[in-house]
Amino acid sequence: MKILKFGGSSVRDAERIKNVISLVSSDLKNNDIIGIVVSAFQGVTDDLLNISRMAADRNDLYVSEYSRLRERHIKTSAELLGAKNILKAEAHILKILDELEEILKGVYLIRELSAKSLDFILSFGELLSTTIISFAFLENKIENELLDTREIITTDRNFGSARVLFDKTDNNIKNYFKQHKNLQLITGFIASTLQKETTTLGRGGSDYTVSIIGAALEVDSIEIWTDVNGVLTADPKKVRDAFSIANMDYEEAMELSHFGAKVIYPPTMHPAAVKKIPVVIRNTFNPGFEGTKISTHSDSDFPIKGISSIDDITLVRVEGSGMIGVAGIAQRVFSALAKNEINIILITQASSEHSICLAILPVNAHIAKLALEEEFSYELKMGIVNKILLEKEYSVIAVVGKHMRNTVGIAGRFFSALGDNSINISAIAQGSSELNISAVISRKDELKALNVIHHKFFSSGKPEPIHLFLAGYGSVGSELVNLIYSNPDLYHRIRLHGIINTKKMLIGEKEIPIKNLPKEMTEGGQKADLNEFINRIKSINYRNSVFVDCTASDETAEIYNDILNKGINIVAANKRATTKSYAYYSELKEAAVKNNVKFLYETNVAAALPVISTMNDLKRAGDKIIKIEGVLSGTLSFLFNNMSPTKKFSRILKEAKEKGYSEPDVREDLKGTDSARKILVLIREAGYQLELNDIKVENLVPPEYRKIASAEEFLKRLPELDDHFDKILKEALGKECRLRYIASFNNGVAEVGLKEVGKDHPFYNLAGTENVIAYYTDYYNTAPQVINGPGAGTQLTSVGIISDIFKIFG
């Protein structure tokens, strides 16, 4: 025998109500279910609260909002019911709606909304939903009765969050169910006083309702159906890696709910725990998943059960040297707050008794300060208590688990996770039961704290997440993002926290959803400010952070030194920084070493080809680079690999542009500057001091064609160059040679230009858009070490960037 509860998201509309009926049908046939508690349709309680306030403020728009709510319920019933039941159901529904309308008119006229009136208005959400769902069950030939819980749950007159009078309530429930054997469709959330005034049980009250009734009837289990897979190790909206907990005991559940776990509401556990009735949290939209069972039993493969947080709290500090050794100070603090019905979330006191620190909700902060100042007015005047301090913008993080009691080092791991990520702790609390450890931290650090603690306790042995901050969302940047998103292993490891282009930037501790990135960039974010972007990376201060530059911007390259000095790793596809002055290049290398971070740029030369890492491996082995040769332009490689007496220069170059191999203006490829920059990177990595203007570069665009204004006009006139290049090709073929545009360095001389290569040259058989690099070294002195393969394209460049990222973080 069990009792079920379905939340607002489970009964949001007609389709979801049909799903609920289908879900419970098999259990109903076995007579396993004695009752189903129902919440208001999703969003209705908030709508009623808003409409009530509008009416009390004499805002005439409350009428249209009420009409919308009315229409929603009538429409839902029409979608669920056939001709046989619709007229009868509508009569009931309209009667409830008409009564609600009259109450709202009264609030409008007298301009007053008391807590008592508000409770009465809010009750209509559950009355309407339960009435409609009861008729929907009848439509499906499932006999049932509607149970208005105001008939059975009795409370005090604390409107808004009434306290249950359990002796009276338990008797009412037992007597009612003795006389009613049909399935009961039960209103959640609402109750009544001894005087039959409507009360509500507070937010989450429907969960409390099912627990109250289940405990009174001593059912075998209580099932709460919601929209998540049970209780998770953390809030999945804040921690991507959160996962469902199979089981926990009542104490663990209550601790997690106290510290903000939204799936469980604190009062719910008490009635069930007293009677030792299991509470099972299930997902309406994934009914095959077993969810979380809360009972007297708890086991786990992990030392903690979960992490929870309250994202906005205020610290109240009572301090004074005169407090030391004075009895009764703490008792007076608690009494003063209790008189004003202020709940204390967390308490900590210095062993010297010099100060008491309390965490409360911000809404209570001002009242709490006034209450304490009144209570300690004499002590404040005499200097016994120095002052009552309020400190805002804090969060509480709590780790909870019964197995913490017998496990050494939990506190150490908790605090080291925070300390390793530069998260300062303002207050600490741990009960003698060792069921939880709580820390107060700055609110801005909450997301980071939740994620690093979760990884510390639940991802043992797994690599830490990598936090990506991306500059540039053009062809390479967007391909990099797509590559991460499309590969589950990469997506699990790499978290995008910041992105900036020339117009906008998005950045924060919270991960940016890659799936919706184009929309996020268009609709969200703020004006791009590169310096502010870098400052934010530093303030967010995730340990495994990397700045990836997919721009071709001098402005971005010029702030690398600042980035490295802030302790942030850099992976650069942008060649501007490594090809500026040698002094700047050296400065960046030194900054990386000094700050114990990495500055990697493998893709500066040949996309994903390991040309820089191979050179560095040779140097580490004691080798010396003597000579370098390379075909470093994919466009020019394609051009000269395909030119023949029958395939003209102009035709192949246009084909390269059509295939996306070239720059928008093909003259940028032909002038050779890009190849010069690439060979300069290799020369410097080899240990030679050279500047870009030291390299002799052959520009393949004749001088008179460099002055043509537009790229389009140049393309039109390309055939005029065919005879010139036919002549050069003919001369090479006559010597049984092929043409290659080669960047080289030898004996301190660097040059880039068109060369003839014979059959014995390692570049002779180059094909397609392949790049090739040859290293002549002390070890490779008879034949060079050759690296060749595709060395261009957005996908390969993105692969190279990811390879560099994993060189940093493993």
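In which helix does Thr797 lie?

Author: Happy to. Keep in mind that this is a predicted model. Thr797 lies in helix 31, a helix that spans residues 794-809. The residue is buried, because its relative accessible area of 13% falls under the 20% cut-off. Leaving aside residues up to four places away in sequence, Thr797 touches Val476, Ala573, Thr603 and Ala607.

Helix 15, made of residues 475-486, packs with helix 31 at an angle of about 65°, and their axes are 9 Å apart. Helix 15 is therefore roughly perpendicular to helix 31, since angles of 65 to 115 degrees are counted that way. As for handedness, helix 15 passes helix 31 in a right-handed crossing. On the helix 15 side, the contact is made by Ser475, Val476, Glu479, Leu480, Leu483 and Ile484. Helix 31 contributes Thr794, Gln795, Thr797, Ser798, Val799, Ile801 and Ile802.

Next, the nonpolar cores. The largest has 105 residues, and those that touch the most other members are Ile453, Phe547, Tyr560, Val611, Ile628, Phe640 and Leu682. Take Ile453 as an example: not counting residues up to four places away in sequence, Ile453 touches Ile307, Ile397, Val399, Phe414, Ala417 and Leu418. Another core, of 53 residues, lies apart from the largest one, and its members include Leu4, Leu28, Val38 and Met54.

His73 is placed in helix 3, which covers residues 62-80. His73 counts as buried, because its relative accessibility is 0%. With residues up to four places away in sequence again left out, His73 touches Phe41, Val44, Leu128 and Ile132. Glu15, in contrast, is exposed, with a relative accessible area of 55%. Glu15 has its place in helix 1, residues 14-29. From Glu15 to Thr76 there are 61 residues in sequence, while their C-alpha atoms are 9.1 Å apart in space.

Conventions: Residues numbered from 1 in each chain as written. Predicted model: local features only at pLDDT ≥ 70, side-chain atom pairs only at ≥ 80, totals over all residues. Heavy atoms only, no water. Axes fitted to C-alpha atoms, helices over the stretch in contact; angles between N-to-C directions. Helix = DSSP H or I, 4+ residues; strand = E, 2+ residues; numbered from the N terminus. Parallel < 35°, antiparallel > 145°, perpendicular 65-115°, else oblique. Left-handed = near helix turned anticlockwise from the far one by under 90°. Contact = heavy atoms within 4.5 Å. Core = buried A, V, L, I, M, F, W, Y, C linked by side-chain atoms within 4.5 Å. Buried < 20%, exposed > 50% of the residue type's maximum accessible area, 1.4 Å probe, protein only.
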